[in-house]
Amino acid sequence: MEIDKPTTIMCTVVAIDHTNLCYRVCSLCEKTLPENPTASACKPCNCSKSFNFSNSSSKRLFRVLMSIATDTKVFVVIMFDRAARVLFGCSADEFFDFAKTHPYAAMAVARALEGEMLTVTLSNPKNGNAQHLRVVSVVPLRSGFKPAIETMRDLYRVRGVSLQPSS
């Protein structure tokens, strides 16, 4: 799909790539950092001696690759942090921490969001090398929509309760 200006459409989530939902950035300048925890400090920001950098000098942001379908076409889009927070209902750090203790949470979120009807505003990528349209805003259309983190908390709480012996 090619667009000249930001375009708002109604669509359905077909699939979400659950293998890489977020990435690390410097908490000061938001420059992308490697996933390797030994290289936690941002080199440009590390030059300033007025800050004490540690592993907390980085944070995670969402980068969600997903297929959506309109009434005429299926295509891949990318949704970054601001828009993804609407669907996830939490920060990427919070979801990452949740997924560390619940290893299948990312896959479960992808399944939970499949079929969800949305109104999205799409724009051309800011980077000329980017392959996919960007989702700049998203509004779930289902009246009973719950953010993904709430769905995951409910899902894992239900499983925990069902495993307890009844008295």
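Q: In the loop between which two elements is the place of E30?
A: This is a predicted model. β2 covers 22–26 and α1 covers 43–46. E30 has its place in the loop between β2 and α1.

Q: What is the phi of E30, which is not a glycine?
A: Most residues other than glycine have a negative phi. E30 is not a glycine, yet its phi is positive. The value is about 60 degrees.

Q: Is E30 buried, partly exposed or exposed?
A: The relative accessible area of E30 is 41%. Buried means under 20% and exposed means over 50%. E30 is therefore partly exposed.

Q: How many helices and how many strands does the chain have?
A: From the N terminus on, the order is β-β-α-β-β-α-α-α-β-β-α. The totals are 5 helices and 6 strands.

Q: Which strand holds S58?
A: The strand in question spans residues 58–69. S58 lies in β3.

Q: Is S58 buried or exposed, and which side chain makes a polar contact with the side chain of S58?
A: The relative accessible area of S58 is 16%, so this residue counts as buried. Its side chain makes a polar contact at 3.1 Å. The partner is the side chain of R24.

Q: How many bridges join β3 to β4?
A: A hairpin of 4 residues connects β3 to β4. The two strands run antiparallel. S67 has V76 in β4 as its bridge partner. The number of bridges joining β3 to β4 is 7.

Q: Why is the pair of F88 and F95 edge-to-face?
A: The structure holds 3 aromatic pairs. In the pair of F88 and F95, the ring centres are 5.2 Å apart. Planes over 60 degrees apart count as edge-to-face. The pair is edge-to-face because its planes stand at 75 degrees.

Q: What is the relative accessible area of F88, and what is that of F95?
A: Buried means under 20%. F88 and F95 both count as buried. The values are 1% for F88 and 4% for F95.

Q: Which residues do ring pairs link into a cluster?
A: F88 and F95 form an edge-to-face pair. Both belong to a cluster linked by ring pairs. The cluster is F62, F88 and F95.

Q: How many residues apart in sequence are the parts that the pair of F98 and Y156 ties together?
A: The ring centres of F98 and Y156 are 5.7 Å apart and the planes stand at 75 degrees, so this pair is edge-to-face. F98 lies in α3 (residues 92–101) and Y156 in α5 (residues 148–162). Both residues are buried. The parts are 58 residues apart.

Q: Which ring has R60 over its face, and which has R63?
A: R60 is 3.6 Å from the centre of its ring. R63 is 4.3 Å from the centre of its ring. The rings are those of F96 for R60 and Y23 for R63.

How values were computed:
Residues numbered from 1 in each chain as written. Predicted model: local features only at pLDDT ≥ 70, side-chain atom pairs only at ≥ 80, totals over all residues. Heavy atoms only, no water. Buried < 20%, exposed > 50% of the residue type's maximum accessible area, 1.4 Å probe, protein only. Polar contact = N/O pair within 3.5 Å; in protein donor to acceptor, adjacent residues only side chain to side chain. Phe/Tyr/Trp six-rings, centres within 6.5 Å; stacked < 30°, edge-to-face > 60°. Lys NZ or Arg CZ within 6 Å of the ring centre and 35° of its normal. Pairing = 2+ DSSP bridges.
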